[in-house]
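Dear colleague,

I am handing over the structure that we talked about, and I would be glad if you kept it open while you read the notes below.

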Amino acid sequence: MRKHWPRTTGVTVRGREFHQKDLVLIRQLIRKNPSWGRTRLSEEVCRIFDWQQENGRPKDRGCRVALLKLESLGYLQLPKKKLDRGGRPPNEVSLGEVVEECISQMPQTLSLELVNTVRQARIWNSLIARHHYLGLATPVGRLIRYIIMGDAQMLGAISFSEAAWSLTCRDEVLNQFGLSGSEIRSATISNNRFLILPSVQVRNLASRVLGLAVKQVLLDWHERFETLPLFIETFVDPKRFEGTCYRAANWLFVGTTKGFAKQGASHRNTKAPKLIFLIGTTVKSRQFLRDQFSSGQKRAA
């Protein structure tokens, strides 16, 4: 039985207006291509509507969020998910290189191994799923992951993703830098996961890794996505941490979130505000943050 869709002349989602003819076109794509998943669908919608980022890549993440919103409003029905990445532990892999004994000495050599292969991805996923308190939840959109290596041993994992869509405190800060709207997200990335393995107890290691990661991700992000971030953000749960390693690595505390967490196409108030830290990646952006926030901030011991 054919579904009866709501009658409308148009609907605005995430600042983009979808007219009736647009909705009909999307429904036709879904109906005529039953083998397509949501990623393939969003890529085609981006192509048809010329929905692109500044670097020419499709805005597939924003498109998927818009499609989910349209579905929640009853304007279309998306194909079923082909993969469920909702934090489920990955398939077990051999982690023989991971240290089990306690390490208390700073490694002589410290490096970040860019995740490029399937095996590296499985190892990174396993580390995060086993040891990170947030677990594994692959973000939609651009992502760069690293395995932290010290003297040829795995010490942890770190990753960077696209920045939060909307964040009042952060946006007010970056407005003063001269950025607004989509410019903020284009100029900002997020350190969304950072793990030092429990068996690694080395003073100042975390801040050294952060310093190395900030330099490395600029090169890799620019090479892979053809954009150069001006700021990096991260969020710290004050019930668990104080942000000591970030402060020691010259990140600056700029405020707190309102406690809302994104779940699918909607947000809910978790009543668990996070501390927001920012670091500039250029001389100008670093100086701007220092001028705005460094006075009165306590440096970590």
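Predicted model: local features only at pLDDT ≥ 70, side-chain atom pairs only at ≥ 80, totals over all residues.

Residues are numbered from 1 along each chain as its sequence is written, and side-chain values use heavy atoms, with hydrogens and water left out.

Helices here are DSSP runs (H or I, at least four residues), numbered from the N terminus. The axes of helix 1 (residues 20-32) and helix 2 (residues 38-49), which are lines fitted to C-alpha atoms over the stretch in contact, with angles from 0 to 180 degrees between N-to-C directions, come within 11 Å and cross at roughly 140°. The contact (heavy atoms within 4.5 Å) is made by Asp22, Leu25, Ile26, Leu29 and Ile30 of helix 1 and by Leu41, Glu44, Val45, Ile48 and Phe49 of helix 2.

In helix 3 (residues 60-72), the buried residues (under 20% relative accessible area, with a 1.4 Å probe and protein chains only) include Cys63, Val65, Leu67 and Leu70. After helix 3 comes Gly74, which has a positive phi, near 90°.

Leu205 lies in helix 7 (residues 205-225), and with 1% relative accessibility Leu205 counts as buried. Beyond its neighbours within four places in sequence, Leu205 is in contact with Met106, Pro107, Leu110, Leu155, Ile196 and Val200. The C-alpha atoms of Leu205 and Gln105 are separated by 9.3 Å, although these residues are 100 residues apart along the chain.

Methods:
Helix = DSSP H or I, 4+ residues; strand = E, 2+ residues; numbered from the N terminus. Expected span 1.5 Å × (residues − 1). Buried < 20%, exposed > 50% of the residue type's maximum accessible area, 1.4 Å probe, protein only.
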